[in-house]
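Q: I have a structure to read and want to learn its features one at a time. Where do we start?

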Amino acid sequence: MGFFIETLIGGLMAGMLYSLIALGFVLIFKASGVFNFAQGAMVLFAALGMARFAEWFPQWFGFESKVLANVLAFVAAMAMMIVVAWLIERLALSKLVNQEAVTLLMATLGITYFLDGFGQTLFGNDIYKIDVGMPKDPVIVGESLFQGGILLSQEDLIAALIAAALVTLLSVFFQKTATGRALRAVADDHQAAQSIGIPLNRIWVIVWSVAGFVALVAGIIWGSKLGVQFSLSLVALKALPVVILGGLTSVPGAIIGGLIIGVGEKLSEIYIGPYFGGGIEIWFAYVLALVFLLVRPQGLFGEKIIDRV
């Protein structure tokens, strides 16, 4: 039982991190109806900025404080992501208002390749380290309840708490603020939103900036765990089944979907993987997403769209 609980908790913590990346997809889709394939590239680009600025600032300004370097790097990386959001809106989205969904999808694919290439040009292509002081050593809890106790990763626990706090904050933002309601109105109908005075340009800059902030936080967490390398953008692919499972338009769906997939892949790898020779954790999420596409295409909490002729 102790091992089962340890695996379950590990899956929940991994699921929160998947939810954090999936949140970026949901935010942009809710506001613009665009499925943003560039979210993985944004995570990598933001993480590269954080890692390199934290390395450069002490050299440029002659100080040794790691805390100050991280704070300045976070501010600089966030400013960089806001500029990226403004450029995306100004150079791409503003030219494609009311275009077909596939046109917008192709635009985000182009943004993906641009950010990947420009990131290498600007920051280099080595593996970089992000050190924000997150504890690496695991701890053992519950020794009085289970033989040997339960082994928990402090880094994963802190990362999961940060992800949960951010998801909660953004949920409140969408539901309770005027800007959040404007974002939902734009997602429902661009032309109707414009007709009542909601400026599409400003709304899109806001939502891409928020998605950039989410990408930055996700990049810091994953960069701290895995190092900042160009395979980091592939981590975002695990968020695609999360979005399919939870629903493209649902923030709570991104949370629940992430938890289900995080727990499902950990338990399946431990208890089912040996019967298949291992490796089930790699493809479990995608098979589950495929099943949901066949049975409930809109996901658990997504809106079912019915077209009447």
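A: Helices are DSSP runs of at least four residues, numbered from the N terminus. The model here is predicted. In this model, N70 is found in helix α3, residues 66-91.

Q: Is N70 buried or exposed?
A: Buried means under 20% relative accessible area. N70 has 14%, so N70 is buried.

Q: Which residues does N70 touch, beyond those up to four places away in sequence?
A: A contact means heavy atoms within 4.5 Å. N70 touches M50, A54, D131 and V132.

Q: How many helices and strands does the protein chain have?
A: The chain has 13 helices and 2 strands. Its C-alpha trace spans about 65 × 60 × 35 Å along the principal axes.

Q: What span should helix α13 have, and what span does the model give?
A: Count 1.5 Å a residue. Helix α13 covers residues 280-295, which is 16 residues, so it should span 22 Å. Its end C-alpha atoms are 22 Å apart, which agrees.

Q: Which residues of α13 are buried, and where do they sit around the axis?
A: I280, A285, A289 and F292 are buried. They cover an arc of only 165 degrees around the axis, so they lie on the same side of α13. On the other side, I282 and L294 are exposed.

Q: What covers the buried residues of α13?
A: The cover includes α10 (239-246), α11 (251-271) and α12 (273-276).

Q: What does the span test give for helix α5?
A: Helix α5 has 23 residues, 154-176, and should span 33 Å. The end C-alpha atoms of α5 are 33 Å apart, which agrees. Its buried residues include E155, D156, L166 and F174.

Q: How many residues are in the largest nonpolar core?
A: In soluble globular proteins, nonpolar side chains tend to be buried together. The largest nonpolar core here has 90 residues. Those with the most contacts inside it are L20, I21, L27, F53, W208, W222 and V228. Helix α8, residues 200-226, gives the most to this core, with 15 residues.

Q: What is W222 in contact with, leaving aside neighbours within four places in sequence?
A: W222 is in contact with L17, Y18, I21, G227, L232 and V235.

Q: How many aromatic pairs are there in the whole structure?
A: A search finds 13. Take F53 and F123. Their ring centres are 5.9 Å apart and their planes are at 90 degrees, so the pair is edge-to-face. F53 is in helix α2 (residues 39-61) and F123 in helix α4 (residues 101-123), 70 residues apart.

Q: Is the pair of W56 and F123 stacked or edge-to-face?
A: Their centres are 6.0 Å apart and their planes are at 25 degrees, so the pair is stacked. W56 lies in α2 and F123 in α4, so the pair ties together parts 67 residues apart in sequence. W56 is buried at 16% relative accessible area, and F123 counts as buried at 2%.

Q: Which residues form one aromatic cluster?
A: F45, F53, W56, F57, W60, F61, F114, F118 and F123 do.

Methods. Residues numbered from 1 in each chain as written. Predicted model: local features only at pLDDT ≥ 70, side-chain atom pairs only at ≥ 80, totals over all residues. Heavy atoms only, no water. Buried < 20%, exposed > 50% of the residue type's maximum accessible area, 1.4 Å probe, protein only. Expected span 1.5 Å × (residues − 1). Arc of directions from axis to C-beta. Core = buried A, V, L, I, M, F, W, Y, C linked by side-chain atoms within 4.5 Å. Phe/Tyr/Trp six-rings, centres within 6.5 Å; stacked < 30°, edge-to-face > 60°.
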